Amino acid sequence: MNRIVIFIAMISMVMVAQGQDAEPAETQLPGHEILLFDIEQNAHGVLALSVGKNITGRIGYDNQPKFSDLGGLLYYTRAVSSGDGIQMDIYQYDVATGQTQAYMITTRSEYSATPMRNSPHLSVVQVDEVGDQYVVILNQSAAADQQFRRTSDLKQVGYFNWTADGGLWSFVLNDSDGGDLYLQKKGAQAAKLTANIGRALVTDSAGMDLYYVDKNTQPWRIHKRNSAGLFEDVMPLPMGVEDFTLDSAGRFWAGRGNTLYVSTDQKRWFIIAEFDQPELHQITRLTTNPQADKIAVVFAEKITE
């Protein structure tokens, strides 16, 4: 199996290299754990979190969680090491049974698992044999040599999402170690919309609007667009934060350090939890299920000397 060696910088931009000597996964990639919480709300509307369950529980890279359309599965990216280096594969966690298994093992590395509306297949960022990154669709039921299909010629895609009208929204790596926002409407070529955005690309529950982070302001701000040309400046993020999510109840969630924030009115941020686990020290990503009653939070593993 051909494998590539992956390095991820501290700013979490994915950089791909080939032909280098392999090292143990934990020395090349920052380790992460994914914790799953229930979102609880009392009769007065006050939110709280249950005790979190660590669903990965291993040293190494486990990141980029995303719930399936019905919420029964949680997909994420796992670094798997071998004698040839490190391959990034998509794994899935069954929320009901607590069982984890690989979604699909291909000959290439995949990231950013994203369910597709009205489709049984999973879309991902895949790295090809020369290190270019494209959005592809994985098909578990196809023959081994037909299990992935490229959906666009747009390359160096780091992150992406779909709107219900078939629009493909992509964070494309630029020459300034950042990313630009591209939209490819169904049957059309991809077009650049704006520069210097964050890596979170989030849709509303209906899949009509896309939310992303504009990093051209201080603090960074959440913006909203759709394929019809709508643009709206929504609200600022906590200082220094670029990762957020939007649940189906219309609440924004974001994390900074060991603090989790929520905005119930899309105007102000409130602290909902502060975590003190000694082995975990920084929230890096988060996502909620379609029912808005569970949240998966990614923590960086604390590096010990």
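A polar contact is a pair of N or O atoms within 3.5 Å, where within protein one must be able to donate a hydrogen and the other to accept it, and where residues adjacent in sequence count only if both atoms are side-chain atoms. The model shown in these views is predicted, with local features needing pLDDT of at least 70 and side-chain atom pairs counted only at pLDDT 80 or more, while totals for chains, interfaces and linings use all residues. Residues are numbered from 1 along each chain as its sequence is written, and side-chain values use heavy atoms, with hydrogens and water left out.

**View 1. Arg251 and its polar contacts.** The side chain of Arg251 makes a polar contact of 2.7 Å with the side chain of Asp247, and a polar atom of the Arg251 side chain also lies 3.1 Å from the backbone oxygen of Ala292. Arg251 is found in the loop between strands S22 and S23 (252–256), strands and helices being DSSP runs numbered from the N terminus (strands E, at least two residues; helices H or I, at least four). Arg251 has a relative accessibility of 8% and therefore counts as buried, a term that means under 20% relative accessible area, with exposed meaning over 50% and partly exposed in between (1.4 Å probe, protein chains only).

**View 2. Two residues with positive phi.** Ala292, in the loop between S26 and strand S27 (294–301), has a phi near 60°, a positive value in a residue other than glycine, and is buried, with a relative accessible area of 8%. Asn118, in the loop between S10 and strand S11 (122–127), has a phi near 55°, likewise positive in a residue other than glycine, but is exposed at 83% relative accessible area.

**View 3. Aromatic pairs.** Rings of Phe, Tyr and Trp (its six-membered ring) pair if their centres lie within 6.5 Å, and planes under 30 degrees apart count as stacked, over 60 as edge-to-face and the rest as tilted. By this rule there are eight aromatic pairs. In one of them, the ring centres of Tyr159 and Phe171 are 5.2 Å apart and the planes stand at 75°, so the pair is edge-to-face. This pair links distant parts of the chain, with Tyr159 in strand S14 (residues 157–162) and Phe171 in strand S15 (residues 168–173), twelve residues apart, and both Tyr159 and Phe171 are buried. The rings of Phe244 and Phe252, with centres 5.7 Å apart and planes at 75°, are also edge-to-face, and both of these residues are buried. Elsewhere, one aromatic cluster is formed by Phe37, Phe275 and Phe299.

**View 4. The largest pocket.** On a 1 Å grid over the protein atoms alone, a pocket is an open set of points where a 1.4 Å probe fits, with protein on both sides within 12 Å along at least five of seven lines, and lining residues have an atom within 4 Å of a point. The largest pocket has a volume of about 840 Å³, a volume being the space filled by probe spheres set on the grid points, which are joined across faces, edges and corners. Of its 34 lining residues, the closest to the centre are Lys66, Asn161, Val202, Thr203 and Thr287. Elements that give two or more residues to this lining include strand S6 (62–67), strand S10 (110–115) and strand S26 (280–288).
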